[in-house]
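Hi,

Here is the model I promised to send over.

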Amino acid sequence: MIDLFEHIPALLIAVPLLGAFLTPLLGKVNKNARNIWVLLILALTAAMSFLLAQDVYTNGIKLYTFGADIPSLTHPDTVSIPVRIIFEIDGMSVFMLLISVIIGFLAALYSISFIKDENGIERYYTLLLLLITGMIGMELTGDLFNFFVFIEITSISAAALIATMVDREQSFEAAFKYLVLSSIGALFLLLAIGFLYGQYDALNIATIASSMQYTFADRMALVLIIGALALKAGLAPMHMWMPDAYGEAPPSVTIAVMAATLASLYGLIRMCFTLYGSSIFNLSVIGALIVAMAMISIIIGATMALIQSNLTRAIAYAAVAEIGYMLLGIGTALHVGINEFGETALTGGIFHIFNDVLDVGLLFLATGAVIYATNEKSLSNLGGLARKMKFTTIFFLIGLLAAAGMPPMNGFASKIIIYESVYRLNPLLSIGAILASILMLAIFVRIFYSVFLGPELPNLKNVREVPKAMLISMAIISMLIIIFGLFPGYVIDNLVAPAASALANPESYINAVLLGGA
Amino acid sequence: MEISISTGSGFWNPIVWLIALLIALLITYAIRSLGRKDYKRGKEQIKPFLSGNAEEDVEKLHTKGDNLYWGFRQSLAGYYKLMQKIHSGDLRDYVVWFVVILVILSFVVFGVM
């Protein structure tokens, strides 16, 4: 009898993929059945992810070799290197996997009400499931070409999702820009993979990492990989697609695309710390460059958010700044190495990945609720909504405080770790980051005041609170924000520390594959 | 369940912070309770006094989002002019920035590392 537990890594791709292709068929039968089907598929995917996470946290790195009689057997003893596609799941992969499945489920739950009146809902859910499949694949795979394939799946499905509102030409323009830039990034990534394959005759990350020789091809591949994945992750000055895409996509899509962006950020981190993590390379200068780009992201994101009159674009620029905070911590760790404060900076940066998707994600969902109820995005046409949308107001306030890094929310917990560790690299970096965070608070207060406070406006007299499915999605994220904020030690010990440890010890990742043969 | 976290040079404990907040709120409440007791809800005294002028329609009094932080934007007008020029919305400009970063990365990887 097949041990399904052993095949969870493969099922994590197969189940949402099957769900994606069967969704249009079910949609033809019954709309409610389709909605329940999508939620069931994503709940099953999330449940399998939690089981896999438990396994990795208990037993260490999990290997899954596709096509092998024994999935944990990376290569038979007659072959020196692995030739099959291997999924290699460590603490960092699991950390990102949990983000993707939780956000994917909440995006689908929110969508049930949010897009119920749109055309082509079957296609929407199919694309959403494909997007989640792509993210999961990017986070689990230990194979470079496989990573490229999954990044392409996420790019194409995300671009189509951004254009969901087919009656708005701005959505098409944003989707077109996203698709072009994603394709350029992916092609440069493919070129880098070609360089490495030509050099080492292998595509497995662990195998290539163990053979790195610091040749011209290795360095050329490093340039292309960092450039391509930084573009996909929206690091300034390559962030300009983010306000377009996040601002024009439906908020249920925006939160899923945010998770996909973070999957690209994961790729960047994985390549720097694992593929190029051996002692031959001194990535200190790359770390310094990432810190510089992170600071530019923070400053540009915060200052540009202040002048936006469009609600979603303002939050999209705040998302640019939040990417900067993550990479400020991670870049510092890359620059100084895994010493005392380097490890703390890495922990803060990784913790902020989860916090960002919860905090800014909640703001996007609350913004979506405002748009759903009022059909308005302009700050000048909104006001006084707290009288009619009490729950949305509370959720927005929670998201506001968390994203601005106010205690005792989760955003504060990760930001204070970043501030204090980065301070030891250079105090000016910390001061700049803190000032930008204060500016973010000012921006969110401006949005909160403009949208929710003030007298009831005549054009918004008939506004009602949004449907329950949307409220439940926002309530779950709010609950996670509060739990992460009140128990940061528990989250760090159980989720973040294993992820940071996985990045800090590339040898474990490499040896797991190379010594995984018979 | 572990609550405290180490920040490298200190620690952060949200429960301690919440207790401090609670104490601050209690002190605030105590000070507030020292205030006037003759406040009456629903009477003339709760209406705003605008130097004796009649109060305008409340809808007109609402400051719209676009008008907030006007001074901040004015004082940084030069910076924002540059930023808006950079954020042109033109896809070709986006690609140029990608090429610029690739050039800088090449310089760093081949020239410095």
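In chain B of this predicted model, buried residues account for 10% of the 113 residues. The chain has five helices and two strands, and from the N terminus on they run β-β-α-α-α-α-α. Its radius of gyration is 28 Å, well over the 13 Å that the globule rule gives for 113 residues, so chain B is more spread out than a compact globule. Along the principal axes, the C-alpha atoms of chain B fill a box of roughly 75 × 50 × 25 Å.

One helix of chain B also meets a helix of chain A: the axes of H5 (residues 91-112) of chain B and H8 (residues 216-233) of chain A come within 9 Å and cross at roughly 145°. The crossing is right-handed. On the H8(A) side the contact includes Leu222(A), Ile226(A) and Arg219(A), and on the H5(B) side it includes Phe98(B), Leu102(B) and Ser106(B). By class, this contact has eleven nonpolar, two polar and one charged residues.

Within chain A, have a look at H13 (residues 340-374) and H14 (residues 390-403), which pack at an angle of about 150° with their axes 8 Å apart. H13(A) and H14(A) are therefore roughly antiparallel to each other, and their crossing is left-handed. Among the residues that meet here are Asp359(A), Leu363(A) and Ala366(A) in H13(A), and Phe395(A), Phe396(A) and Gly399(A) in H14(A). The contact of H13(A) with H14(A) has twelve nonpolar, two polar and one charged residues.

Best wishes

Methods:
Residues are numbered from 1 along each chain as its sequence is written. Chains are lettered from A and ligands numbered from 1 in the order in which they are written. This is a predicted model: local features need pLDDT of at least 70, side-chain atom pairs count only at pLDDT 80 or more; totals for chains, interfaces and linings use all residues. Axes are lines fitted to C-alpha atoms, for helices over the stretch in contact, and angles run from 0 to 180 degrees between N-to-C directions. Helices (H or I, at least four residues) and strands (E, at least two) are DSSP runs, numbered from the N terminus. Angles under 35 degrees count as roughly parallel, over 145 as roughly antiparallel, 65 to 115 as roughly perpendicular and the rest as oblique. A crossing is left-handed if the near helix is turned anticlockwise from the far one by less than a right angle, and right-handed if clockwise. Two residues are in contact if their C-beta atoms, placed from the backbone, lie within 7 Å. Ala, Val, Leu, Ile, Met, Phe, Trp, Tyr, Cys and Pro count as nonpolar, Asp, Glu, Lys and Arg as charged, and the others, Gly among them, as polar. The radius of gyration is taken over C-alpha atoms; the globule rule is 2.2 Å times the number of residues to the power 0.38. A residue is buried if 20 or more other C-beta atoms lie within 10 Å of its own, exposed if 12 or fewer, and partly exposed in between; C-beta atoms are placed from the backbone.
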